[in-house]
Amino acid sequence: QLQLVESGGGLVQPGGSLRLSCADSGSALEYYSIGWFRQAPGKERERVSCSTSSGDMTSYADSVKGRFTISRDYAKNTVYLQMNSLKPDDTAVYYCAASRTRWTLPAACVQAGGDMDYWGKGTLVTVSS
């Protein structure tokens, strides 16, 4: 049973950067695909970026391509989301999620309507001047 914990959210000005972290104190995240999702007020949850367990396959939403980067530090058992050139539209609660589908990207990472096996409680990112 994973207990994912996100951190790194906060208030940032447009054009700024943040790095989100997703960690689990007990289980090895290396055995799971990890995804970042977000939900803005009044909007549906959307996928942002995902990585297979080995990191050889990644995906990004069109809205964040070229600005966000997902990475994994296996020694620290942590998955990161580096967010650059932030825009007000990036304002949302960001969730880390894990899937047992580890060798290919989980359905939730490539199409709407899929689900992941474990979810964190989220961290708020606010982009505003």
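Is cysteine 50 buried or exposed, and at what relative accessibility? Select cysteine 50: at 1% relative accessibility, this residue counts as buried, where buried means under 20% relative accessible area, exposed over 50% and partly exposed in between, with a 1.4 Å probe and protein chains only.

The model is predicted, so local features need pLDDT of at least 70 and side-chain atom pairs count only at pLDDT 80 or more, while totals for chains, interfaces and linings use all residues. Residues are numbered from 1 along each chain as its sequence is written, and side-chain values use heavy atoms, without hydrogens and water.

Cysteine 50 lies in strand β5 (residues 46-51) and cysteine 109 in helix α1, so the bond ties together parts 59 residues apart in sequence. Helices (H or I, at least four residues) and strands (E, at least two) are DSSP runs, numbered from the N terminus. The S-S torsion of this pair is about -80°, so the disulfide is left-handed. Cysteine 109 counts as buried at 5% relative accessibility.

Then select cysteine 22 and cysteine 96, a disulfide with sulfur atoms 1.8 Å apart. Cysteine 22 is in strand β3 (residues 18-23) and cysteine 96 in strand β9, 74 residues apart.

Finally, move to proline 106, in the loop between β9 (92-99) and α1 (107-110). Beyond neighbours within four places in sequence, proline 106 is in contact with Ser33, Ser99, Thr101 and Met116, contact meaning heavy atoms within 4.5 Å.

How values were computed
A disulfide is a pair of cysteine sulfur atoms within 2.5 Å.
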